[in-house]
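Biologist: I am new to this protein. Could you walk me through the model, one question at a time?

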Amino acid sequence: SYGSGRTVLGGPSNLAYMPYHKPPSGAKIASRLTTSSSPLGQSTPTQIGSQGAVAAPGASTSNGISVPTLPVQMKRSSKIKEALAGMTTMLMSAAGLPARVTSAPSPASAPNTSMSTKKQSSFKKLRKLSKKESIKDPESVLKKYMEVIVSPPDEDCTICMEKLTSPSGYGDTTESKTTQPYTVGKLKQCNHQFHFLCMLAMYNNGNKDGSLQCPACKRIYGEKTGTQPKGKMDIYSIATSLPGHPDCGTIQIVYSIHPGIQGPEHPNPGKPFTARGFPRYCFLPDNSKRRMVLELLTVTWNRRLIFTVGVSSTTGEADTVVWNEIHHKTEMCSNFSGHGYPDPKYLDNVLAELAAQGVNEDCLKK
């Protein structure tokens with residue numbers, strides 16, 4: 001994770017941890033409990049899209065007064081819950097805070113924007129896809145992307161460090177009904193060569209999602225997916241400019257992940273994992289190159305590659321949600337941690353990091 005300092009934010013509708021300094025009031029994120037008018041002429045972020053969640057309703061007005069709407073959703077109505085709701089309204093009214101308690105409305109359709117329509121992410125769908133792909137025979141995955149070499153060169157296999165003309169170093173630990181320890185293959189596009197059993201051991205030790213990554217050049221074959229826990233990705237538009245980008249506004253990305261239990265794809269299945277510093281706020285300049293970066297980040301989020309569960313590089317804490325080698329700008333109007341603006345090379349650098357995860361412009365054409 002980036003940065004070590006965290007600020008505790010408290011308010012009438014939420015309590016969250018932020019890993020970095022909160023944006024100035026003129027560019028702060030729209031609260032889930034918003035009013036219909038913006039006092040003191042402050043600019044209010046406009047929500048553009050949400051990956052994995054539906055935006056909460058805003059406020060309503062009565063007699064010209066902005067009244068915060070408190071969405072209450074009760075699976076089963078009861079006299080006790082109704083009484084508690086009534087007491088909440090009375091207490092807020094006594095404190096001079098006009099309020100009206102309502103039930104949460106049905107999710108509305110996403111607003112029309114100039115940006116291309118984004119599909120809502122569904123982790124249930126992703127998990128089903130991962131399980132479906134993991135059922136594939138690992139050996140059939142290897143044969144899809146590799147071809148057998150009849151006369152291998154007198155070189156080392158960079159996985160087991162044994163000669164390619166010798167048996168695989170994983171011959172005693174990796175079982176195969178069709179592949180012999182001497183079998184050598186090469187990847188069809190980059191032509192790097194390895195023992196088949198070595199590649200099989202590497203695949204079985206990974207996410208088993210139907211994709212392969214060359215150990216030598218890191219080229220990805222197939223569609224790589226990650227182990228990011230369930231969460232949501234919200235996208236907002238802010239009128240304020242970033243340092244170094246005075247000619248455009250700002251896009252704010254808000255990632256939200258909650259603590260949970262590790263799945264079979266994580267380091268310690270069945271154990272709890274923590275999620276420090278969420279929600280995490282990230283910023284992009286609202287220009288043409290940004291739009292491509294944002295679309296690729298959305299693809300990366302849906303493939304569960306933005307975060308992973310591991311050991312924090314700043315605190316040393318294990319079994320926690322950490323960044324997954326794709327840098328984000330987490331400061332809007334400052335650069336105290338080195339993760340802010342101006343940074344003229346940032347968009348090019350993040351495009352290279354996305355490509356290393358198998359996410360590039362070709363993914364947007366699918």
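Biologist: What share of the 366 residues of the protein chain counts as buried?
Modeller: Keep in mind that this is a predicted model. A residue counts as buried under 20% relative accessible area. Of the 366 residues of the protein chain, the buried share is 39%.

Biologist: How many helices and strands does the protein chain have?
Modeller: Both kinds of element occur in the protein chain.

Biologist: What part of the contacts with a separation of 6 or more joins residues 24 or more positions apart?
Modeller: Start with contacts in the protein chain that have a separation of 6 or more. Then pick out those between residues 24 or more positions apart. Their part is 64%.

Biologist: How much of the accessible surface belongs to carbon and sulfur atoms?
Modeller: The accessible surface of the protein chain is about 20,400 Å². Carbon and sulfur atoms account for 54%.

Biologist: Is cysteine 198 buried or exposed?
Modeller: The cut-off for buried is under 20%. Cysteine 198 has 1% relative accessibility, so it counts as buried.

Biologist: Where is glutamine 357, and is it buried or exposed?
Modeller: Glutamine 357 is in the loop between α6 (346-356) and α7 (361-364). Leaving out residues up to four places away in sequence, glutamine 357 touches Ile220, Lys224, Leu305, Asn324, Glu325 and Ile326. Its relative accessibility is 5%, so glutamine 357 counts as buried.

Biologist: Which element gives the most to the lining of the second largest pocket?
Modeller: This pocket has a volume of about 1,200 Å³. Elements that each supply at least two lining residues include α4 (196-204), β18 (307-310) and α2 (123-134). With 4 residues, the one that gives the most is α2.

Biologist: How many residues of the lining of the second largest pocket are charged?
Modeller: The lining has 44 residues, and those nearest the pocket centre include Gly206, Lys208 and Thr225. By class, 18 lining residues are polar and 16 are nonpolar. The charged residues number 10.

Notes. Residues numbered from 1 in each chain as written. Predicted model: local features only at pLDDT ≥ 70, side-chain atom pairs only at ≥ 80, totals over all residues. Heavy atoms only, no water. 1 Å grid on protein atoms, 1.4 Å probe; cavity = no way out; pocket = protein on both sides within 12 Å on 5 of 7 lines; lining within 4 Å. Points joined across faces, edges and corners; volume = space filled by probe spheres on them. Nonpolar A, V, L, I, M, F, W, Y, C, P; charged D, E, K, R; others polar. Buried < 20%, exposed > 50% of the residue type's maximum accessible area, 1.4 Å probe, protein only. Contact = heavy atoms within 4.5 Å. Areas by Shrake-Rupley, 256 points an atom, 1.4 Å probe, with all protein chains shown as cover.
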